[in-house]
Amino acid sequence: MSTTIDYTAYEYGGVDVSERLKEIRAAHDRLRAAAAEITEEGARESVHLPGWTRGHVLIHLADLSRAFARQARYAVEGRTIEVYDGGRPTRDRRIEELHGRPVEWLTEQLEEGLTALEEAWEALGPDGWELACSYRNSPLFATQLAWWRETELHTVDLTVGYGSEEWSTALSSHVVTFLRPRLPQGVVLNAEDSGEEWSTAAEGEAPVVVRGSLRALAAWISGRPHPALPVADGDPAAALPELNAWP
């Protein structure tokens, strides 16, 4: 594999492509199993994402998996294409228009998307992740990282028994690093179990120090629930900093 990209870099979770894809395949298995258990009534139940139900999550994952599959197919041909035809407005409109469709249809859409993505990625050559794509105007590798995050975070959103406390350390570290721009100025995150630290504090500034397990920090910064929230400045009653928008 080409070394133009350091696939095992810290900001990418410190694991190689094969390990990351192994986690993604396991996430696909969980998604398929979870979707098969969601009833019609369950698909209409709200999740903790504002305004979303399980149906919203299912159609979003179905559409995004197909979109990333298309990114790979075009990249192999030396071409680029929008992630969604019509951009973000199309993405948002489809979620709102289709989330209320029968759960059987939503599940079929998810299966089609996951299968398409698996097939498209299987067709990549050893250097395929370095091919250009339009997602964030980056190498195709950016879609691998994004899908790693999306599958894990949104499986938690489905509230089917899989929580953020089960995320791998690699995924958790990557999530915090990727979402570091969400931290306001003057904040230090300290992962008490892994020893990792992220800071937006200037030299000489007295920061707000947010401590917790690595998985708890990843859940908090990504807006997902966790059994034990991080604590700011050692005071469980203190409010955690208000996060910036998603990067």
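Trainee: What should I know before I start looking?

Mentor: This is a predicted model, in which local features need pLDDT of at least 70 and side-chain atom pairs count only at pLDDT 80 or more, while totals for chains, interfaces and linings use all residues. Residues are numbered from 1 along each chain as its sequence is written, and side-chain values use heavy atoms, with hydrogens and water left out.

Trainee: How many helices and strands are there in the chain?

Mentor: The protein chain has eight helices and four strands, where helices (H or I, at least four residues) and strands (E, at least two) are DSSP runs numbered from the N terminus. Along the sequence, the pattern reads α-α-α-α-α-α-α-β-β-β-α-β.

Trainee: And how much of it is buried?

Mentor: Of the 247 residues, 51% count as buried, meaning under 20% relative accessible area, with exposed over 50% and partly exposed in between (1.4 Å probe, protein chains only).

Trainee: Which residues touch the most other members of the largest nonpolar core?

Mentor: That core has 73 residues, and W121, W129, W147, L189 and I221 touch the most other members; a nonpolar core is a set of buried Ala, Val, Leu, Ile, Met, Phe, Trp, Tyr and Cys residues joined through side-chain atoms within 4.5 Å. Several elements each supply at least two residues of this core, among them helix 1 (17-37), helix 3 (54-76) and strand 1 (187-191), and helix 3 gives the most, with 11 residues.

Trainee: Take W147, then: what is it in contact with?

Mentor: Leaving aside neighbours within four places in sequence, W147 is in contact (heavy atoms within 4.5 Å) with I24, H28, L61, L64, S65, F68, L114, L117 and W121.

Trainee: Switching to loops, is S222 buried or exposed?

Mentor: S222, in the loop between helix 8 and strand 4 (231-232), is buried, with a relative accessible area of 2%. Not counting residues up to four places away in sequence, S222 touches L153, W167, V175, L179, R182 and W246.

Trainee: What about N137, where does it lie?

Mentor: N137 lies in the loop between helix 5 and helix 6 and is exposed, with a relative accessible area of 71%. N137 also has a positive phi of about 50° although it is not a glycine, and most residues other than glycine have a negative phi.

Trainee: What is the phi of D233?

Mentor: The phi of D233, which is not a glycine, is near 55°, a positive value. D233 is found in the segment after strand 4 and counts as partly exposed, at 48% relative accessibility.
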